[in-house]
Amino acid sequence: MHILGLIALAVTVLWIGGILWRIDDWSRDWSQNHASISPTATDSELQSPVYSDAPATVADRVNEWVRTQSRWTVESTSESGGTIVMHLIRRTPLFRFTDDIRVRLEAHDAGTQLSAESQSRVGKGDLGQNPRNLKELIAGLREKV
């Protein structure tokens, strides 16, 4: 029985260590459960990308990318005046925490500008998951372009 306790302790320490390793910004990640993509973001990876295609084409790419992701789903899509708003959901693998990602695709002089927000449904801090959600989305779309 003693060996099982040591194995359980080792697994727990590794799991907690993995969580702590993923924290990018210690001052932010314990106190905020929201992140956004904007043209003025201080993190260059969270600045609004502009795609050369129309909003509908970019929305198709978002849908296509989400279909390939096991933890992501498209909850809804709406269009008004040439702007497409999408509600995506991402669930964490272990505890199935849910994050809501709102994507806005607006016509821009050069094509389509993407802005987005990611918000956790539970908790005061997200341990950096919401910025990672947005970075994952941008990286996924970069592969599709």
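Predicted model: local features only at pLDDT ≥ 70, side-chain atom pairs only at ≥ 80, totals over all residues.

Reader: How many helices and strands does the protein have, and in which order do the elements run?

Author: One begins with the count and then the order along the chain. The protein contains four helices and six strands. Starting at the N terminus, the order is α-α-β-β-α-β-β-β-β-α.

Reader: What share of the residues is buried, and what does the accessible surface come to?

Author: Of the 145 residues in the protein, 36% are buried. The accessible surface comes to about 8,800 Å², and carbon and sulfur atoms account for 56% of that surface.

Reader: How should I read the nonpolar core?

Author: In soluble globular proteins, nonpolar side chains tend to be buried together. In this model, the largest nonpolar core has 23 residues, and the members that touch the most others are Met86, Leu88, Val103, Leu105 and Leu114. At least two residues of this core come from each of strand E1 (34-37), helix H3 (55-67), strand E4 (83-91), strand E5 (98-108), strand E6 (111-120) and helix H4 (129-144). H3 provides the largest share, five residues.

Reader: Which residues does Leu88 contact, leaving aside its neighbours within four places in sequence?

Author: With those neighbours set aside, the contacts of Leu88 include Val62, Val66, Trp72, Val74, Ile101, Val103 and Leu137. Ile101 in E5 also stands opposite Leu88.

Reader: How does E4 pair with strand E3, and what is found in their hairpin?

Author: For paired strands, one notes the direction, the bridges and the turn. Strand E3 (residues 72-80) pairs with E4 in the antiparallel sense over eight bridges.

Reader: In which sense do E4 and E5 run, and how many residues lie between them in the hairpin?

Author: E4 and E5 run antiparallel and are joined by eight bridges. Their hairpin has six residues between the strands, and Arg96 in the turn has a positive phi of about 60°.

Reader: Why is E4 described as largely enclosed by the rest of the structure?

Author: Seven of the nine residues of E4 are buried, so the strand is largely enclosed by the rest of the structure.

Reader: How is an aromatic pair described?

Author: A pair of aromatic rings is described by the distance of the centres and the angle of the planes. The structure holds one aromatic pair. Trp65 and Trp72 form this pair, with 4.9 Å centre to centre and 70° between the planes, an edge-to-face arrangement. Both Trp65 and Trp72 are buried.

Reader: Is Asn130 buried or exposed, and what does its side chain reach?

Author: Asn130, which is found in helix H4, counts as buried because its relative accessibility is 0%. The side chain of Asn130 reaches the backbone nitrogen of Gln119 at 3.3 Å.

Conventions. Residues numbered from 1 in each chain as written. Heavy atoms only, no water. Buried < 20%, exposed > 50% of the residue type's maximum accessible area, 1.4 Å probe, protein only. Areas by Shrake-Rupley, 256 points an atom, 1.4 Å probe, with all protein chains shown as cover. Core = buried A, V, L, I, M, F, W, Y, C linked by side-chain atoms within 4.5 Å. Contact = heavy atoms within 4.5 Å. Polar contact = N/O pair within 3.5 Å; in protein donor to acceptor, adjacent residues only side chain to side chain. Pairing = 2+ DSSP bridges. Phe/Tyr/Trp six-rings, centres within 6.5 Å; stacked < 30°, edge-to-face > 60°.
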